Amino acid sequence: MDIYVGASTLIALGTVGELELLLNFDGNVVVPTAVREEVTTEPARANVDSLLEPEDARLSGVRDRIPKYRQKAQQILGEESPSGDVVLIETVLWKRDIDTEIAIVSDDRRVRTVAEGLGATVTGTVGVVVRAVHEGLDPDEAKDLIRRIDSHGLHMTGELRETAYRLIDEASKE
């Protein structure tokens, strides 16, 4: 399965130097060109470039190559011009038409809701951290990572932070 990552997660994980956690997912991690171009703040931008630089079959930066779905994606999202979010949704539309599974990793509520409604598997930055705990990351380190992400820009609500801690605790017991 291809795992398409949105700018919000790249910025959140890239700012704290933890993008490699995306590699804990089974599948190809894909960062569309339009999404990559939206990551402009440092150190997130440099970290995204470093993550995508090696020749690794599990990582790819792709050109936006499914324009026939672009107008529909723009209409669904109410956007007048293409953006990283539009590319994510046009990709979901394409994968749905060819009956292929796709996962979207984004913290953008609108993108998550639309992608899930179109049949994609959806998670966000917290889900990436929880997956890392499933793969062996120490729960205390995961909670520290949530605090670092929160203090460097994601700005979680207290409820989301508590949910993240609960999910981390549950993942550590599995």
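Me: Taking contact to mean heavy atoms within 4.5 Å, which residues does Ser 83 touch, not counting residues up to four places away in sequence?

Reply: This is a predicted model, in which local features need pLDDT of at least 70 and side-chain atom pairs count only at pLDDT 80 or more, while totals for chains, interfaces and linings use all residues. Residues are numbered from 1 along each chain as its sequence is written, and side-chain values use heavy atoms, with hydrogens and water left out. Ser 83 sits in the loop between helix H4 (70-77) and helix H5 (84-97), where helices (H or I, at least four residues) and strands (E, at least two) are DSSP runs numbered from the N terminus. With residues up to four places away in sequence set aside, Ser 83 touches Ala 34 and Glu 38.

Me: Is Ser 83 buried or exposed?

Reply: The relative accessible area of Ser 83 is 15%. Buried means under 20%, exposed over 50% and partly exposed in between, with a 1.4 Å probe and protein chains only, so Ser 83 is buried.

Me: Which residues is Asp 108 in contact with, leaving aside its neighbours within four places in sequence?

Reply: Asp 108 belongs to the loop between strand S4 (102-105) and helix H6 (109-117), and at a relative accessible area of 25% it is partly exposed. Apart from neighbours within four places in sequence, its contacts are Ser 8 and Asp 85.

Me: How are H7 and H9 oriented to each other, roughly parallel or roughly antiparallel?

Reply: Helix H7 (residues 125-134) and helix H9 (residues 158-173) pack with their axes 8 Å apart and at an angle of about 20°, the axes being lines fitted to C-alpha atoms over the stretch in contact and the angles running from 0 to 180 degrees between N-to-C directions. Angles under 35 degrees count as roughly parallel, over 145 as roughly antiparallel, 65 to 115 as roughly perpendicular and the rest as oblique. H7 and H9 are therefore roughly parallel.

Me: Within what arc do the buried residues of H3 fall, seen down its axis?

Reply: In helix H3 (residues 44-52), the buried residues are Ala 44, Val 48, Leu 51 and Leu 52. An α-helix has 3.6 residues a turn, so residues three or four places apart point the same way. The arc is that of the directions from the helix axis to the C-beta atoms. The buried residues of H3 line one face of the helix, because seen down the axis they fall within an arc of 90°.

Notes. Contact means heavy atoms within 4.5 Å.
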